[in-house]
Amino acid sequence: MTEKTTDDASTVLLLGAPGAVGRHLGLQLAAAGVRVRALTRRVDRARQKGYVLGDLRDPESLRAAAHGVDAAFLGWPFATAEGAAEAVAALAGEVGRVVLLSSAAVRDVPGAGPYSPGRPDGEIEALLTAGGLRHTVLRPHGFAADALRWAEEIRAGGAVRGYGGGAGLNVVDERDIAAVAARALTEDGHDGARYVLTGPESPTQAEQVRIIGEAAGREVRWEEIPREAARHRMLTTGCPPALVDGALDFLHARTTTPEPVTTTVQDVTGQPPRPFRAWAADHAHLFR
């Protein structure tokens, strides 16, 4: 692996990065001596050091924010790829490389390129390739922080009610995603890579709940609900039916075939990925 060369990426722009990943990435880059600039739509925040006013779907403001930047970390926070082509074109004229936070939901279809039904990730990967930008794609499995959706039920004690308690899901700690991103942003040798990121194991949802309960010092159990009940609950949140059915099909499949584990975090960073138990211990206070 190429040694870190911060001179090649002395300033990094954070774009649309989800909270946990973006926060850890900013801290890790700053600790390595890299200047960090974060895009924000909030005028009050833009007055603070390290922030710049702009909008991912406003190419002119994006181009201005990216001026003089060596690399950009891009997370696309929208449900569709509308505006992504313009954003990629704006970045292509300003930055040397882009690291895209994509998803393990993307599949590479021979002759057709990246495909992610119901999600914009594959389209944006294809735009980066077509635009000729030096880029690296991160395809993480579920975030460990997704477990926070159970926090209210766990704090109340008793049971977490859900579908697919026996589904073996591989979740990756956001700090490990950030560590891989930092390498890709500040080192050579990562151009064109599609990094599938996982944790070291694939605990079931029921096991994750138990691990959190142990870390928080609470007795918590998983309570399985029927698929139709889970479907109804998901639909009431506004999630499209096709995505709901796909998610439930996925959970059903993972009850017999747990999600696979990759060695990518270790290969890229030289450090093993954090197990879910470590994430639970570090965030136990959020479940008490």
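## Pocket lining and helix packing

The lining of the second largest pocket comprises 11 nonpolar, 7 polar and 6 charged residues. This is a predicted model. The lining counts 24 residues in total, and Ala38, Leu39, Thr40, Arg45 and Tyr51 lie nearest the pocket centre. The space in the second largest pocket is about 590 Å³.

| Helix pair | Axis separation | Crossing angle |
|---|---|---|
| α3 (residues 59-66) and α4 (residues 84-92) | within 9 Å | roughly 30 degrees |
| α4 and α5 (residues 121-130) | 10 Å | about 35 degrees |
| α9 (residues 227-235) and α10 (residues 241-254) | within 10 Å | roughly 140 degrees |

**α3 with α4.** How are these two helices oriented to each other? The axes cross at roughly 30 degrees, and angles under 35 degrees count as roughly parallel. α3 and α4 are therefore roughly parallel to each other. The crossing of α3 past α4 is right-handed. On the α3 side, the contact residues are Pro59, Leu62, Arg63 and Ala66; they meet Glu86, Ala87, Ala90 and Leu91 of α4. By class, this contact has 6 nonpolar and 2 charged residues, with no polar ones.

**α4 with α5.** Helix α4 also packs against α5, at an angle of about 35 degrees. Here too the crossing is right-handed. Ala84, Ala85 and Val88 are the α4 residues in this contact, and they meet Ile124, Leu127 and Leu128 of α5. What classes of residue make up the contact? There are 6 nonpolar residues, no polar and no charged.

**α9 with α10.** α9 passes α10 in a right-handed crossing. From α9, the contact takes Arg227, Ala230, Arg231, Met234 and Leu235; from α10 it takes Pro241, Val244, Asp245, Ala247, Leu248 and Asp249. These residues divide into 7 nonpolar and 4 charged, with no polar ones.

How values were computed: Residues numbered from 1 in each chain as written. Predicted model: local features only at pLDDT ≥ 70, side-chain atom pairs only at ≥ 80, totals over all residues. Heavy atoms only, no water. Axes fitted to C-alpha atoms, helices over the stretch in contact; angles between N-to-C directions. Helix = DSSP H or I, 4+ residues; strand = E, 2+ residues; numbered from the N terminus. Parallel < 35°, antiparallel > 145°, perpendicular 65-115°, else oblique. Left-handed = near helix turned anticlockwise from the far one by under 90°. Contact = heavy atoms within 4.5 Å. Nonpolar A, V, L, I, M, F, W, Y, C, P; charged D, E, K, R; others polar. 1 Å grid on protein atoms, 1.4 Å probe; cavity = no way out; pocket = protein on both sides within 12 Å on 5 of 7 lines; lining within 4 Å. Points joined across faces, edges and corners; volume = space filled by probe spheres on them.
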